[in-house]
Amino acid sequence: MRGYFGPTFESLLAMFARFDRFSRWLGQIGGVSAGLLGLFYLASIFWPMWFLTLGVSALGALLIGSMWGNPDQTLRRVPSWRPLVEAGKLTYAIYLIHVLCIHAASGFVTRFAGPSFLWTFVASYALALVVGAVVAAAVEQPLIRVGRKVASRLARA
């Protein structure tokens, strides 16, 4: 459901952002959106319920819209923080392997600590970052270089 709700809500925001009054309002709610997003995200970790994930999706869209609507706000600098930039470079690799990491972490945590959603979540995140970095370095980057070589040869031909 979140896969349909998020893009639909984001599209509606983009349509309304054309209007100056809405765009100004959107630019002013950055801090509130960020705070609520953090609360909803934490709540969804401890109490995984569908409406919390929809809230995360909606508040994330509002936060992004707010950054677009107000270029001068401090929140716009957050995505350029070095740790976030480095993690952002791994998003495709993490996307490819995250389900495997969740299953591996779940099995590990259950075996050694009993079933725990919180510890499974933490272990899954950590494992996905590590494995994502390995996949990005060993597979993704070399294949990008090969693709660029092939593209440049085709462009010259």
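User: Why is Phe-108 called exposed?

Analyst: In this predicted model, Phe-108 has a relative accessible area of 51%. Exposed means over 50%, so Phe-108 is classed as exposed.

User: What makes Phe-108 and Phe-112 an aromatic pair, and why is the pair called tilted?

Analyst: Their ring centres are 4.8 Å apart, and rings pair if their centres lie within 6.5 Å. The planes stand at 50 degrees; under 30 degrees would be stacked and over 60 edge-to-face, so the pair is tilted. Both residues lie in helix α6 (residues 91-113), 4 residues apart, about one turn of the helix. Phe-112 also counts as exposed, at 58% relative accessibility.

User: Why is the pair of Phe-121 and Tyr-125 called tilted?

Analyst: The angle between the planes is 45 degrees, with the ring centres 5.0 Å apart. Phe-121 and Tyr-125 both belong to helix α7, 4 residues apart. Together with Tyr-41 they form one aromatic cluster. The structure holds 4 aromatic pairs.

User: Why are Phe-121 and Tyr-125 called partly exposed?

Analyst: Phe-121 has a relative accessible area of 22%, and Tyr-125 has 46%. Buried means under 20% and exposed over 50%, so both residues fall in between.

User: How do you know that Ser-33 is buried?

Analyst: Its relative accessible area is 2%. Buried means under 20%, so Ser-33 is buried. Ser-33 lies in helix α3. Leaving aside neighbours within four places in sequence, Ser-33 is in contact with Leu-59, Leu-62 and Leu-63.

User: What makes Ala-17 buried, and where does Ala-17 lie?

Analyst: Ala-17 has a relative accessible area of 9%, and the cut-off for buried is under 20%, so Ala-17 is buried. Its place is in the loop between α1 (2-16) and α2 (20-28). Not counting residues up to four places away in sequence, Ala-17 touches Phe-22, Ser-23 and Trp-68.

User: Why is Phe-51 called partly exposed, and which nonpolar patch includes Phe-51?

Analyst: Phe-51, in helix α4, has a relative accessible area of 43%. This is between the 20% and 50% limits, so Phe-51 is partly exposed. Patch residues need over 30% relative accessible area, and Phe-51 has 43%. The surface patch is formed by Leu-42, Phe-46, Trp-47, Met-49, Trp-50, Phe-51, Leu-118, Trp-119 and Val-122, with about 980 Å² of accessible area together. Helices α3 (30-46), α4 (50-69) and α7 (117-156) each supply at least two of its residues, and the largest share, 3 residues, comes from α7.

Methods:
Residues numbered from 1 in each chain as written. Predicted model: local features only at pLDDT ≥ 70, side-chain atom pairs only at ≥ 80, totals over all residues. Heavy atoms only, no water. Patch = residues over 30% accessible without salt bridge, like charges linked within 9 Å, V, L, I, M, F, W, Y side chains within 5 Å. Areas by Shrake-Rupley, 256 points an atom, 1.4 Å probe, with all protein chains shown as cover. Salt bridge = Lys/Arg side-chain N within 4 Å of Asp/Glu carboxyl O. Buried < 20%, exposed > 50% of the residue type's maximum accessible area, 1.4 Å probe, protein only. Contact = heavy atoms within 4.5 Å. Phe/Tyr/Trp six-rings, centres within 6.5 Å; stacked < 30°, edge-to-face > 60°.
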